[in-house]
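Try each task before you read its solution.

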Protein chains: 2
Amino acid sequence: MIQSVDRAIRVLGVLQGARLISLSEIATRLELHPSTVHGIIKTLQAHGMVLQDAGSQRYRLGPAVLKLGNVYLDTLELRSRALSWSTELARRTGYAVRTGVLLPDEVMIVHHEPRPDGSRQMQEVGIVIPAHACALGKAMLAYSPEQRDALLASGALRSMTAETATEPAQLTERLAQTRQEALATEQEEAVIGECGLAAPIFDASAAVTGAIGVVIPMLEWPAADTVAGAVRETARNISRELGAPHWPG
Amino acid sequence: MIQSVDRAIRVLGVLQGARLISLSEIATRLELHPSTVHGIIKTLQAHGMVLQDAGSQRYRLGPAVLKLGNVYLDTLELRSRALSWSTELARRTGYAVRTGVLLPDEVMIVHHEPRPDGSRQMQEVGIVIPAHACALGKAMLAYSPEQRDALLASGALRSMTAETATEPAQLTERLAQTRQEALATEQEEAVIGECGLAAPIFDASAAVTGAIGVVIPMLEWPAADTVAGAVRETARNISRELGAPHWPG
DNA sequence: AATTAGATTTGACAATGTCAAATTCGTTGC
DNA sequence: GCAACGAATTTGACATTGTCAAATCTAATT
């Protein structure tokens, strides 16, 4: 582990949390000397990863990070396979479809297929949602023992709504149910008024690489039984295209 | 400039160009010792910026870079201001609307408003286009003398189509015309069949922060005169919201 | 005009990253 | 099934290079 590279990434992490921040505040948060942070920041700035606001002298993320992010999306085989199946799933069910990957304790959305009814929706690619509070996250955690244990051990089950599972035992039970049905559900656990169904996607090494699911407004919950079947089937189809030997896990 | 941080960013740059690449190839391209690259890569990997492919042992970008990129978009005041005006411009003109920022020699799209006719389109946020070969790029370069000179001096006017301006003199002339009309045009210079109009956006310090423009299919070119007016007006309105003292430059 | 908060620069020291060689791992050819 | 190869990884010594504390500069504020 190279110290200065590690510190540079931590600086980016702070910048990610605080949109516009002064050099000395970054130094304080990371418990580093301002001069150390300055050297790192100037290096990042030279590559366009960080910008200095002209007026306030404070720092923020730069455009180079977006370019990197876009290349990541392009290289993701999961995403390219999910594209066509998402359209199909959205058409069949009438709901918005999301595909996500698992970060240490969050799910990151790598594709968002809007509801086919054409209602205007926010662009959601790149957003992150706590893994324990969404169907996509539970679908993946249910089949990723290490990640699940790490999350449970970290004790970071942040509460999002009244329905969020914040107790390890509660989450463990929901994951067991997810495995039983090969389908994860979510009822207003992350966002009030929003429910969801999701199923895990496996790759050629039989490991979870992602999950796909539908977003269902509370008013339309529970969804028709055919929706659950369609989500499972879509996840199985994508898994097969990725070379998964079997589905589920 | 901190050497190892600089090298880490160069490693990311190589990963950006080559989707899946071996450690020794990265080392060769950067003229570094494999062991040096290994230390950097493992640090990046620990933070999820880089992933190692299970089968081939090769490396690729990781999800953490996408998360960073998304935060950049959220912090961009240009983008939030452009959102509502883009919808309006798309509605008035009937064309897809793009907003972009200027990198050293490319334009990066930070917002894409689809054509209001509802035709299905690719998501284009995060893609980059050579600055000298698109209307957005020329709109910004025309009012950014340093960036223009740097680009002309670099001699990197890559040819995209037969119409691309690859000679410095040719580009200089087109930029002069852009300033004269306060509007940049593009006729199949980047992509065959695609034309465009764009105007620059200025911030409170009277510097160019971006550009907004419409994408026009070759078959519908030239567009009605009202389109040019609508593009200029939109750029002026966004500039005013950002606190620009005057428009153009 | 003085004060303060913050960004930046400087220079010495020692921690730290770098390099070359050695080792391990997996794959291909015989 | 064994050997040879290519590639990733590990190790340890050396010297480069990042780090820290103090000093300087800059720009707001009173």
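The exercises below go from the DNA strands to helix packing and then to the backbone.

This is a predicted model, in which local features need pLDDT of at least 70 and side-chain atom pairs count only at pLDDT 80 or more, while totals for chains, interfaces and linings use all residues. Residues are numbered from 1 along each chain as its sequence is written, chains are lettered from A and ligands numbered from 1 in the order in which they are written, and side-chain values use heavy atoms, with hydrogens and water left out.

**Exercise 1. Describe the protein surface near DNA strand C.**

Step 1: collect the neighbours. A residue is near a strand if one of its heavy atoms lies within 4 Å of it. DNA strand C is surrounded by 18 residues, and the closest are A:Q3, A:L23, A:S24, A:Y59 and B:T36.

Step 2: ask which part of the DNA is approached. Sugar or phosphate holds 78% of the atoms of DNA strand C within 4 Å of the protein, and the rest belong to bases.

Step 3: look for polar contacts, which are pairs of N or O atoms within 3.5 Å; within protein, one must be able to donate a hydrogen and the other to accept it, and residues adjacent in sequence count only if both atoms are side-chain atoms. A:Q3 places a backbone N or O atom 2.3 Å from a phosphate oxygen of DNA strand C.

Step 4: Helices (H or I, at least four residues) and strands (E, at least two) are DSSP runs, numbered from the N terminus. Two or more residues near DNA strand C come from each of helix 1 (3-17), helix 2 (23-30) and helix 3 (34-46) of chain A, and from helix 1 (3-17) and helix 3 (34-46) of chain B.

Step 5: sort by class. Ala, Val, Leu, Ile, Met, Phe, Trp, Tyr, Cys and Pro count as nonpolar, Asp, Glu, Lys and Arg as charged, and the others, Gly among them, as polar. The surface near DNA strand C then has three nonpolar, 13 polar and two charged residues.

**Exercise 2. Now do the analysis for DNA strand D.**

Step 1: find the neighbours. DNA strand D has 18 residues around it, of which A:H33, A:T36, B:Q3, B:S24 and B:Y59 come nearest. Of the atoms of DNA strand D within 4 Å of the protein, 78% are accounted for by sugar and phosphate.

Step 2: list polar contacts. Phosphate oxygens of DNA strand D lie 2.5 Å from a backbone N or O atom of B:Q3 and 2.9 Å from one of B:L23. A base nitrogen of DNA strand D lies 3.2 Å from a polar side-chain atom of A:S35.

Step 3: name elements and classes. Helix 1 and helix 3 of chain A, with helix 1, helix 2 and helix 3 of chain B, each supply at least two residues. The surface near DNA strand D divides into three nonpolar, 13 polar and two charged residues.

**Exercise 3. How do helix 4 of chain A and helix 4 of chain B pack?**

Step 1: take the geometry. Axes are lines fitted to C-alpha atoms, for helices over the stretch in contact, and angles run from 0 to 180 degrees between N-to-C directions. These two helices (residues 63-75 in each chain) pack at about 135°, with their axes 7 Å apart.

Step 2: name the arrangement. Angles under 35 degrees count as roughly parallel, over 145 as roughly antiparallel, 65 to 115 as roughly perpendicular and the rest as oblique. Helix 4 of chain A and helix 4 of chain B are therefore oblique to each other.

Step 3: find the residues, with contact meaning heavy atoms within 4.5 Å. Among those that meet are A:L66, A:G69 and A:Y72 from chain A and B:L66, B:G69 and B:Y72 from chain B. The contact has 12 nonpolar, two polar and no charged residues.

**Exercise 4. Where is the cis peptide bond from A:W221 to A:P222?**

Step 1: check omega, which is near -5°.
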